[in-house]
Structures are given as structure tokens and as C-alpha cells.
Amino acid sequence: MSNIKTLDLHGVKHADVDRLVENFVLLNNPPLKIITGHSDKMPKLVKEVLDRHDIKWERWENAVWKIL
């Protein structure tokens with residue numbers, strides 16, 4: 001997975017997640033990787049964006065999401 005374009009959300013404010021994730025998944029071709037960290041709220045925010053755009057994803061480990 002080292003060649004896969006990655007969005008790392010460590011240190012990102014929750015208010016900025018929607019815009020960042022949306023831009024990342026809509027402007028790049030899969031496969032992609034999103035690192036959410038171990039926050040309880042961050043994965044929920046990421047899932048909302050992915051589901052809103054009917055984007056297929058898999059959750060790897062607790063903090064890593066693969067966009068298919």
C-alpha cells in the first residue's frame with residue numbers, strides 16, 4: 001500500500017474533515033487510503049462523506065480506511 005495516495009487526518013480539526021475528505025476522494029482515483037487516527041468522532045465523519053457519495057471503502061485496522 002505504499003504507492004497509494006494517502007490522506008492523514010492526524011491533527012486535523014473535526015470541522016475541516018468533511019471538506020478535506022470530500023476533495024480527496026473526488027479529485028483522486030482509487031485506490032486511496034485515509035488515516036483517521038484513534039479519535040472516536042473522526043471515523044464517523046469520514047464514513048458520512050464516503051456514504052454520501054456512494055464511495056466503496058474497507059476499514060483496515062482501527063484507524064486506516066481503503067477507498068476502492
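At 36% relative accessibility, K47 is classed as partly exposed, the class between buried (under 20% relative accessible area) and exposed (over 50%), with a 1.4 Å probe and protein chains only. The structure is a predicted model, in which local features need pLDDT of at least 70 and side-chain atom pairs count only at pLDDT 80 or more, while totals for chains, interfaces and linings use all residues. Residues are numbered from 1 along each chain as its sequence is written, and side-chain values use heavy atoms, leaving out hydrogens and water.

The side chain of K47 forms a salt bridge with D51 at 2.4 Å, N to O; the term requires a side-chain nitrogen of Lys or Arg within 4 Å of a carboxyl oxygen of Asp or Glu. Both residues belong to helix 2, four residues apart, about one turn of the helix; helices (H or I, at least four residues) are DSSP runs numbered from the N terminus. D51 is also partly exposed, at 34%.

Salt bridges with shared partners link D18, E22 and R52 into one network. R52 meets D18 at 3.0 Å, N to O. Because R52 lies in helix 2 (residues 41-52) and D18 in helix 1 (residues 14-27), this pair ties together parts 34 residues apart in sequence. R52 also bridges to E22 at 3.2 Å, N to O.

Turning to aromatic residues, one pair is found, where ring centres of Phe, Tyr and Trp (its six-membered ring) must lie within 6.5 Å, with planes under 30 degrees apart stacked, over 60 edge-to-face and the rest tilted. The rings of W57 and W65 have centres 4.5 Å apart and planes at 45°, so the pair is tilted. W65 is buried at 2% relative accessibility, whereas W57 is partly exposed at 28%.

Conventions. Helices (H or I, at least four residues) and strands (E, at least two) are DSSP runs, numbered from the N terminus.
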